[in-house]
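Subject: Structure for you to look at

Hello,

Here is the structure I promised you. Please open it and keep it on screen while you read my notes below.

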Amino acid sequence: MIVIHGHFYQPPREDPWLEAVLPEPSAVPYKHWNERITFECYEPNALLGNYTWISFDFGPTLLDWLRRRRPHVYSAIIEADKVGLERWGHGNALAHPYYHVILPLLDRRNKEVVVEWGIKYFERHFERYPEGMWLPEMAVDTETLEVLAEYDIKFTVLTQRQIRGGKAGGPYEVLLPSGRRILVFVRDEALSDRIAFGGPDELPKAMEAAPDDRLTLIALDGETFGHHKKGEERVLATAIARFGGKLANLGLAAERLKPLGTVEVIPGTSWSCPHGLGRWTRDCGCDGPAPWRQPLREAIDWLNNTVDGAFDGWAKSRGVDGWALLRKYVRVLLGENAEAFARNAAPHIQPRELLRMLEAERAKLAANTSDAWFFARLGLEAGISVKWAVRALELLGDKALLDEFMKRLSEIRGQPAGNAAALVPTLRGPLVAASMALAATISGYTAEELGPYQIHFNGVKIKIVDKRTLDVWELDYSEFGVPILKPAEQ
Ligand SMILES: [Zn+2]
């Protein structure tokens with residue numbers, strides 16, 4: 001039995017204020033990287049039917065972008081899970097925490113929020129309760145496994161060096177301090193790496209050689225199939241056509257294969273950093289020197305404490321269980337009207353006040369997205385994190401906290417940004433929406449909505465309502481001022 005698992009994911013490239021992906025020039029000839037990687041990988045794999053034969057997880061922020069912008073690819077992914085269910089009695093998809101965060105770096109209640117949101121997201125889209133959950137970067141500790149088990153997740157996937165004894169395959173059982181149990185499937189490290197980084201004959205060779213009486217698990221980035229390796233999506237389709245009879249998914253493997261005993265998981269480990277969780281906390285050497293990693297982690301830890309502290313204080317003052325409200329808030333992320341949610345969830349609190357606090361928490365979680373630290377460069381991905389952090393602090397409405405955070409960012413130095421504060425746009429949110437609406441009007445179009453912003457023109461005034469928080473701004477565009485343009489050098 002052989003299982004090929006693809007982890008499909010992109011950093012959440014949406015601007016935190018407009019919630020739209022702005023152009024990324026490095027992705028030419030495409031507008032941004034989501035478009036380019038969809039063309040190279042997500043779409044061709046859908047057209048080839050590959051998702052119906054492999055085990056996979058899609059990060060919710062990526063799947064949501066596909067749903068909105070490439071609905072035919074999204075539908076093929078959802079359908080593939082159902083095809084797996086018919087063929088093997090278990091769906092192909094694993095759930096994924098709502099954000100791609102390093103779970104061991106969060107405290108338990110934050111872990112529970114991103115795990116529960118990921119499950120609710122999965123249920124909404126795949127129309128079933130997930131059996132397995134993928135851990136971002138396979139980052140694991142005991143509490144992370146406890147939280148998965150608490151939510152009735154049956155299994156997850158780890159790599160060999162995260163397991164004492166380092167055996168591949170499985171499933172193995174992990175006994176947790178609470179008395180709960182969870183299964184882990186262990187990725188064959190050398191084989192997966194050969195397929196990810198070797199020639200096109202590695203995958204068919206591995207499939208042909210896989211024994212029938214035990215599990216061979218290949219797990220790699222889904223983008224290997226077409227983006228990291230050109231043509232690998234066709235290699236996969238051809239190998240499936242030849243050896244498809246040997247394939248299974250993890251749900252079927254969990255049902256058919258008896259656990260091969262218990263194993264001990266090494267906490268504070270991951271699949272993409274041999275230095276434990278160094279890649280997301282310190283200058284561990286992965287991808288080159290990155291002395292900015294640790295201070296950025298400290299800044300985001302500070303953000304977590306600051307936002308959670310404010311949130312706890314607020315919840316106490318209002319006599320509500322803030323974390324229960326936050327867990328429920330996923331309904332808004334799944335499309336429920338924010339105001340209706342607020343009035344229903346806590347009728348005695350002003351909706352605007354409640355929604356601002358919940359959005360601040362959501363923005364804080366998004367700021368923990370692991371991509372910020374992954375590469376040695378302080379660039380685009382770190383920008384995602386610091387922008388969400390700034391949005392979280394704006395929502396708290398305490399200028400001193402925002403100033404303190406910006407000062408911290410300005411002291412974090414690295415290239416190409418220069419320093420982390422340079423990654424935060426000066427013009428953002430309603431001001432950008434107003435400028436865009438004005439530009440559209442001048443061009444003869446009417447912009448009534450830009451992302452979460454509703455736009456109303458009234459003479460020289462633009463009224464902007466943020467649907468997420470019900471915040472209202474009124475801007476007089478006769479006061480916008482004239483930009484000072486520097487003439488080009490001759
Ligand atoms: Zn490392």
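Helices H13 and H14 are roughly perpendicular to each other, because angles of 65 to 115 degrees count as such and theirs is about 105°. Their axes lie 9 Å apart. H13 covers residues 338–345. Keep in mind that this is a predicted model.

Which residues make the contact between H13 and H14? From H13 come Ala 338, Glu 339, Ala 342 and Arg 343. From H14 come Pro 351, Leu 354 and Leu 355. Sorted by class, the contact holds five nonpolar residues, two charged ones and no polar ones.

Is H14 enclosed or open? Of its 17 residues, 14 are buried, so H14 is largely enclosed by the rest of the structure.

Now go to strand E1, residues 2–8. E1 is mostly covered, with seven of its seven residues buried. Side chains in a regular strand alternate between the two faces of the sheet. In E1, both faces are covered. One side has Ile 2, Ile 4, Gly 6 and Phe 8. The other has Val 3, His 5 and His 7.

E1 pairs with strand E6, residues 216–221, through six bridges, and the two run parallel. There, His 7 has Asp 221 of E6 as its bridge partner. E1 also pairs with strand E2, residues 55–58, over four bridges, again in the parallel sense. Phe 8 stands opposite Phe 58 in E2.

Next is an open sheet of three strands. Their order is E3-E5-E4, and the pairing is mixed. Which strands stand at the edges? They are E3 (155–159) and E4 (169–175). Each has a single partner strand, so one side of each is left without a neighbour in the sheet. Neighbouring strands here are turned by 35° against each other on average, direction ignored.

E3 and E5 (residues 181–187) run parallel and are joined by five bridges. Leu 158 stands opposite Val 186 in E5. Helix H5, residues 142–150, packs on this sheet and touches E3, E4 and E5. The direction of H5 makes about 115° with that of E5.

Last, look at two hairpins. Strand E9 (residues 449–450) and strand E10 (residues 453–458) run antiparallel, with two bridges between them. Leu 450 stands opposite Tyr 453 in E10. Two residues separate E9 from E10 in this hairpin. Gly 451, in the turn, has a positive phi of about 55°.

E10 then pairs with strand E11, residues 461–466. Six bridges join E10 and E11, and they run antiparallel. Asn 458 stands opposite Lys 461 in E11. This hairpin also has two residues between its strands, and Gly 459 in the turn has a positive phi of about 60°.

Best wishes

Terms used:
Residues are numbered from 1 along each chain as its sequence is written. This is a predicted model: local features need pLDDT of at least 70, side-chain atom pairs count only at pLDDT 80 or more; totals for chains, interfaces and linings use all residues. A residue is buried if 20 or more other C-beta atoms lie within 10 Å of its own, exposed if 12 or fewer, and partly exposed in between; C-beta atoms are placed from the backbone. Two strands pair if DSSP finds at least two bridges between them. Axes are lines fitted to C-alpha atoms, for helices over the stretch in contact, and angles run from 0 to 180 degrees between N-to-C directions. Two residues are in contact if their C-beta atoms, placed from the backbone, lie within 7 Å. Angles under 35 degrees count as roughly parallel, over 145 as roughly antiparallel, 65 to 115 as roughly perpendicular and the rest as oblique. Ala, Val, Leu, Ile, Met, Phe, Trp, Tyr, Cys and Pro count as nonpolar, Asp, Glu, Lys and Arg as charged, and the others, Gly among them, as polar.
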